[in-house]
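Trainee: Could you walk me through this one? I'm new to it and would like to see how its parts pack together.

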Amino acid sequence: MIITVPRMGNICLAAKAFFEALHIHYVMPEKINKQTLLSGIALSPDEICLPFKILMGSYMDCIKKGADTILITGSCGPCRFGEYCELQMKMLRKIGANVKTIVLDAPREIGKQELLRRIGLISKASPLSSKQKLLALRQAFRILSLADSLDEKAHMLAGYEVNKGDCKKMITDCYEETEKSQKPDEIQTILTNCHQKMNNIKTDTSKKPLRIALIGEIYSMVEPFANLFIEEKLMNYGVSSSRLITPSWWVKDLIFKPFKLNSMAIKRAAHSYLPYNAGGHAKESIGHAVLCQRKNFDGAIQIFPLGCMPEIVVKAILPVIQQDKDFPILTMVVDEMAGEAGYITRIEAFLDMLEARRRRRGVISA
Ligand code: SF4
């Protein structure tokens, strides 16, 4: 078995560590770039959302590199994601791609037995004992959490750093190093050391940088190419940012979901604005905006792919939050036609407006 997992932020890093530990050959997808998107567009229906096209492009890249099995997650939720795996499998068959797809879905949708059978397909390809496999899984999750919290730290500290660019350089170097490494223990050590180095970055806590919450569709949140590298841009502007949705958050949310104990604070914060399930991570977007307003963030930026159904519902609700809470929110819709220059102009205008708002408030309170 030569397996691959779609590129989705830090998930690939954890997947690499996991499959290396299991002694299963793993194909690391290339960083998403314009070419990945173009080859995905060529195979995908026009109207489908951007993540579908990016993933198709990424699969093609991995198939060319020898992958014969693709591991993806499914969902029977109310948005198009529920159709993704079926449609993608059909398209891969249509072009004659010699690849097997393993779809991991919630037990309530496919039944416990079926889920175990699908996990067994991967498990039997590894020569390790069950205990060793579980330890490998635990380490992969540890790596995922370390990478996500490193990002979180860097994106927040960027507003306070004394030497501009320190945080960005630190995470860029760190990920370059992890890309080169194949051994799970080594990857974990690199990430742990980077945390240490990040703690030693010179910061000035008297600075009052703008603080922005990033909310929106999950793929646009976790995959930098899909949000046109917004976090990097905000770091360049010296703005601190925070995003709730990360791969490790998603795994924890999935574990606690069957017990209805997942993301309680977020759901409570969202309830008065969106009491129903609108699919995707609509509730999380609303809840995170409300919570960040309570934590005195300056504003929020919502990002989602064109035609994303759950986030269109969120977009309709955000103006109410904006008015109720006096909390500025900018919405950015991305698709393959999105021009970077227009995108940057809108972000800069939003940041200027937030700065002006702060100054005005200062004058009023004085
Ligand atoms: S959440 Fe939005 S972008 Fe993602 S699959 Fe569903 S409709 Fe598409």
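**Helix packing and domains**

Mentor: Let's begin with a pair of helices: H7 (residues 130-157) packs on H8 (residues 166-180) at an angle of about 160°, with axes 9 Å apart. Helices here are DSSP runs of H or I with at least four residues, numbered from the N terminus, and axes are lines fitted to C-alpha atoms over the stretch in contact, with angles running from 0 to 180 degrees between N-to-C directions. That angle makes H7 roughly antiparallel to H8 (under 35 degrees counts as roughly parallel, over 145 as roughly antiparallel, 65 to 115 as roughly perpendicular, and the rest as oblique).

Trainee: What should I know about the model itself?

Mentor: This is a predicted model, in which local features need pLDDT of at least 70 and side-chain atom pairs count only at pLDDT 80 or more, while totals for chains, interfaces and linings use all residues. Residues are numbered from 1 along each chain as its sequence is written, and side-chain values use heavy atoms, with hydrogens and water left out.

Trainee: Which residues of H7 and H8 meet?

Mentor: On the H7 side they are Ala-147, Leu-150, Asp-151, Ala-154, His-155 and Leu-157, and they meet Cys-167, Ile-171, Cys-174 and Tyr-175 of H8, where contact means heavy atoms within 4.5 Å. By class, this contact of H7 with H8 has eight nonpolar residues, one polar and one charged (Ala, Val, Leu, Ile, Met, Phe, Trp, Tyr, Cys and Pro count as nonpolar, Asp, Glu, Lys and Arg as charged, and the others, Gly among them, as polar).

Trainee: And how does H7 pack with H9?

Mentor: H7 and H9 (residues 184-199) pack at about 25°, with their axes 10 Å apart. That makes H7 roughly parallel to H9. Their contact includes Leu-146 and Lys-153 of H7, and Leu-191 and Met-198 of H9. It has eleven nonpolar, six polar and three charged residues.

Trainee: What about H3 and H4, at what angle do they pack?

Mentor: H3 (residues 50-64) and H4 (residues 81-94) pack at about 45°, with axes 11 Å apart, and they are therefore oblique to each other. Their contact has eleven nonpolar residues, one polar and no charged ones.

Trainee: Changing topic, what are the domains?

Mentor: The domain assignment, which is automatic or from a database, gives domain 1 (2-126), domain 2 (145-157 + 160-206) and domain 3 (209-366). The C-alpha centres of domain 1 and domain 2 lie 28 Å apart.

Trainee: How much area do domain 1 and domain 2 bury between them?

Mentor: They bury about 770 Å², 56% of it on carbon and sulfur atoms; buried area is the accessible area (1.4 Å probe) that two parts lose on being put together, summed over both. Asn-10, Leu-13 and Lys-16 supply 62% of the area that domain 1 buries against domain 2, more than any other three residues.

Technical notes
Helices (H or I, at least four residues) and strands (E, at least two) are DSSP runs, numbered from the N terminus.
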